[in-house]
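Let's take a friendly tour of a protein model, from its overall fold to a few of its charged side chains. Have the sequence and coordinates open as you read.

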Amino acid sequence: MDFGALLGRMTTAICAGDGEAAAACFTPRGVHHDGFYGEFEGRAEIARMVRECFHRDARDLEWRLADPLCDGHIGYARYDFSYVSKLPGSEGRRVRFSGISCCALEDGLIRRYEEIFERAPVLAKLGFADARILKAVKRWAE
């Protein structure tokens with residue numbers, strides 16, 4: 001299995017707004033756990049996440065991967081991600097951040113996708129009020 005190619009197909013599909021192609025990179029009951037939107041289980045829900053979360057709230061998504069590593073069961077890659085916000089009060093702001101993709105794999109597909117990145121600085125770059133950022137951080141801490 002070429003893990004880098006699999007992850008690349010998923011990220012390219014997400015950036016293009018092709019939820020079905022992104023979901024096809026997952027096992028039928030696969031899970032995508034997004035750092036902002038939470039957990040989506042199954043291909044239909046993953047496709048919905050792409051349409052109704054990512055592309056509802058952002059445009060001009062860019063996702064660059066680096067240094068993919070995989071043992072056939074677990075895969076990791078560094079990434080740089082950016083988008084232009086469509087959120088009220090943050091419209092037109094481009095934000096960039098770096099993180100790590102963590103994948104559990106099964107039969108050449110993603111069984112579970114998770115990511116590690118600093119969320120609060122992204123909210124600050126979007127111009128969110130301090131109280132809103134603190135509320136989000138407390139929710140994530142729970």
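Predicted model: local features only at pLDDT ≥ 70, side-chain atom pairs only at ≥ 80, totals over all residues.

## Overall fold

Let's begin with the secondary structure: the protein has five helices and six strands. Read from the N terminus, the elements follow the order α-α-β-β-α-β-β-β-β-α-α. The radius of gyration is 15 Å, close to the 14 Å that the globule rule gives for 142 residues, so the protein is as compact as a globular protein of that length.

Along the principal axes, the C-alpha atoms fill a box of roughly 45 × 25 × 25 Å. Among contacts with a separation of 6 or more, 51% are between residues 24 or more positions apart.

## Burial, surface and charge

Of the 142 residues, 42% count as buried. The protein exposes about 7,700 Å², and carbon and sulfur atoms supply 51% of that area.

As for charge, there are 21 positive and 22 negative side chains. The centres of these two sets lie 5 Å apart.

## Salt bridges

How many salt bridges does a search of the whole structure find? The search gives 12, and one of them pairs Glu20 with Arg51 at 3.2 Å, N to O. Glu20 lies in helix H2 (residues 19-23) and Arg51 in helix H3 (residues 43-57), so this pair ties together parts that are 31 residues apart in sequence. Arg51 is partly exposed, with a relative accessible area of 39%.

Helix H3 also holds Glu45 and Arg48, three residues apart and thus separated by about one helical turn. These two form a salt bridge, with the closest N and O atoms 2.8 Å apart. Glu45 is partly exposed at 30% relative accessible area, and Arg48 is partly exposed too, at 27%.

Another salt bridge joins Glu114 to Arg112, where the closest N and O atoms are 2.3 Å apart. Shared partners link Glu39, Arg112 and Glu114 into one network of salt bridges. Within it, Glu114 is partly exposed at 32% relative accessibility, and Arg112 is partly exposed at 24%.

Is Glu142 buried or exposed? Its relative accessible area is 83%, over the 50% cut-off, so Glu142 counts as exposed. Glu142 lies in the segment after helix H5 (130-141).

Finally, compare Glu142 with Thr12: the two are 130 residues apart in sequence, and their C-alpha atoms are 32 Å apart in space.

Conventions. Residues numbered from 1 in each chain as written. Heavy atoms only, no water. Helix = DSSP H or I, 4+ residues; strand = E, 2+ residues; numbered from the N terminus. Rg over C-alpha atoms; globule rule 2.2 N^0.38 Å. Buried < 20%, exposed > 50% of the residue type's maximum accessible area, 1.4 Å probe, protein only. Contact = heavy atoms within 4.5 Å. Areas by Shrake-Rupley, 256 points an atom, 1.4 Å probe, with all protein chains shown as cover. Lys, Arg positive; Asp, Glu negative; His and termini not counted. Charge placed at Lys NZ, Arg CZ, Asp CG, Glu CD. Salt bridge = Lys/Arg side-chain N within 4 Å of Asp/Glu carboxyl O.
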